[in-house]
Amino acid sequence: PTARLNTLWIEACHNIKASFLWLEIFLKECFVAEAANKKPVKKVLPKSEGRQAQKAKATREKIIGSVIALITEGGFAAASSSEITKRSGYTWGAVQHHFGGKEEILAAIMDMSHEKFTELTAGDELRHGSLADRVDLFVEKMWQHYQSELFLAATEISLASRGTRDTSDVMARVEKHAKEHLSTMHQVFGDSRVSDEDLVEALVF
């Protein structure tokens, strides 16, 4: 009887092993078939700037940074074409290639200052809560902006450009930005019943 039981046990083990082997083969065949029916998924890689575009961007940023530094250090008149080339390390031809001329550089600085203002005032925290809290937060954000060299340079450009024909594009930007700033003030302090004149004065100090 014992020998018979051993024989049956060995046969049972072989049958179980064979069953698992068959199951493994079956599942592998199923997975292979499923994979064959699936359409290959194309990986979408994020677009990266080409080397030339990165180089051009770096050049523009260096030129703009040089002009901002010249204006904050020596005033509007200090940003002459000769000083810009000396400070940036690029020829005037290269500067013109990237901007066209000095007025376009000044306009770019005005745009950057406006974009920074927009960024600082875009948060929902300035459109909710008590008026006192919003005033405190707004002053904090503006103080942060007003201390930057970018704002100081933009202010100097704005003051120096008034009534000057050569900077008509700059003044057009100043007027456009002023309207957008006032619109932002309405969004933030629309419940204050403050006149437009006072809101604009608050921005100027």
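Arg193 sits in the loop between H8 and H9, where helices are DSSP runs of H or I with at least four residues, strands are runs of E with at least two, and both are numbered from the N terminus. Arg193 has a positive phi of about 60 degrees although it is not a glycine. Arg193 is exposed, at a relative accessible area of 83%; exposed means over 50%, buried under 20%, and partly exposed in between, with a 1.4 Å probe and protein chains only. The model is predicted, so local features need pLDDT of at least 70 and side-chain atom pairs count only at pLDDT 80 or more, while totals for chains, interfaces and linings use all residues. Residues are numbered from 1 along each chain as its sequence is written, and side-chain values use heavy atoms, with hydrogens and water left out.

**Loop between H8 and H9**

- Ser192 is also found in the loop between H8 and helix H9, the latter spanning 196-204.
- A polar atom of the Ser192 side chain lies 2.6 Å from the backbone oxygen of Phe189. The cut-off for a polar contact is a pair of N or O atoms within 3.5 Å; within protein, one must be able to donate a hydrogen and the other to accept it, and residues adjacent in sequence count only if both atoms are side-chain atoms.
- Ser192 and Leu131 are 61 residues apart in sequence, and their C-alpha atoms are 7.5 Å apart in space.

**Overall fold**

- The protein chain contains 9 helices and 0 strands.
- Of its 205 residues, 28% count as buried.
- Among contacts in the protein chain with a separation of 6 or more, 61% are between residues 24 or more positions apart; a contact means heavy atoms within 4.5 Å.
- The protein chain exposes about 14400 Å², and carbon and sulfur atoms supply 58% of it. Accessible areas come from the Shrake-Rupley method with a 1.4 Å probe; for residues, only the protein chains shown count as cover.

**Nonpolar cores**

- In soluble globular proteins, nonpolar side chains tend to be buried together.
- The largest nonpolar core has 23 residues, and those with the most contacts inside it are Ile64, Val67, Ile71, Ile105, Leu106, Ile109 and Ile157. A nonpolar core is a set of buried Ala, Val, Leu, Ile, Met, Phe, Trp, Tyr and Cys residues joined through side-chain atoms within 4.5 Å.
- At least two residues of this core come from each of helix H2 (51-74), helix H4 (92-99), helix H5 (102-120), helix H7 (149-161) and H8. H2 gives the most, with 6 residues.
- Ile105 is in contact with Ile63, Ile64, Val67, Val95 and Phe99, leaving aside its neighbours within four places in sequence.
- A second, separate core has 13 residues, including Phe117, Leu120, Met142 and Leu199.

**Thr184 in H8**

- Thr184 lies in helix H8, residues 168-189, and is buried at a relative accessible area of 13%.
- With neighbours within four places in sequence left aside, Thr184 is in contact with Phe117, Thr121 and Arg127.

**Surface patch**

- Leu131, Val135 and Val139 make a nonpolar surface patch of about 210 Å². Patches are made of residues with over 30% relative accessible area and no salt bridge: like charges are joined within 9 Å, and nonpolar side chains (Val, Leu, Ile, Met, Phe, Trp, Tyr) within 5 Å.
- Val135 belongs to helix H6, residues 131-146, and counts as partly exposed at 35% relative accessibility.

**Salt bridges**

- The structure holds 7 salt bridges, each defined as a side-chain nitrogen of Lys or Arg within 4 Å of a carboxyl oxygen of Asp or Glu.
- Lys86 forms a salt bridge with Glu83, and the closest N and O atoms are 3.4 Å apart. Both residues lie in helix H3 (residues 81-88), 3 residues apart, about one turn of the helix. Lys86 is exposed at 61%, whereas Glu83 is partly exposed at 29%.
- Glu119 forms a salt bridge with Lys116, with the closest N and O atoms 3.5 Å apart. Both lie in helix H5, 3 residues apart. Glu119 is exposed at 53%, whereas Lys116 is partly exposed at 28%.
- Lys176 forms a salt bridge with Glu180, with the closest N and O atoms 2.7 Å apart. Both lie in helix H8, 4 residues apart, about one turn of the helix. Lys176 is partly exposed at 46%, and Glu180 is partly exposed at 31%.
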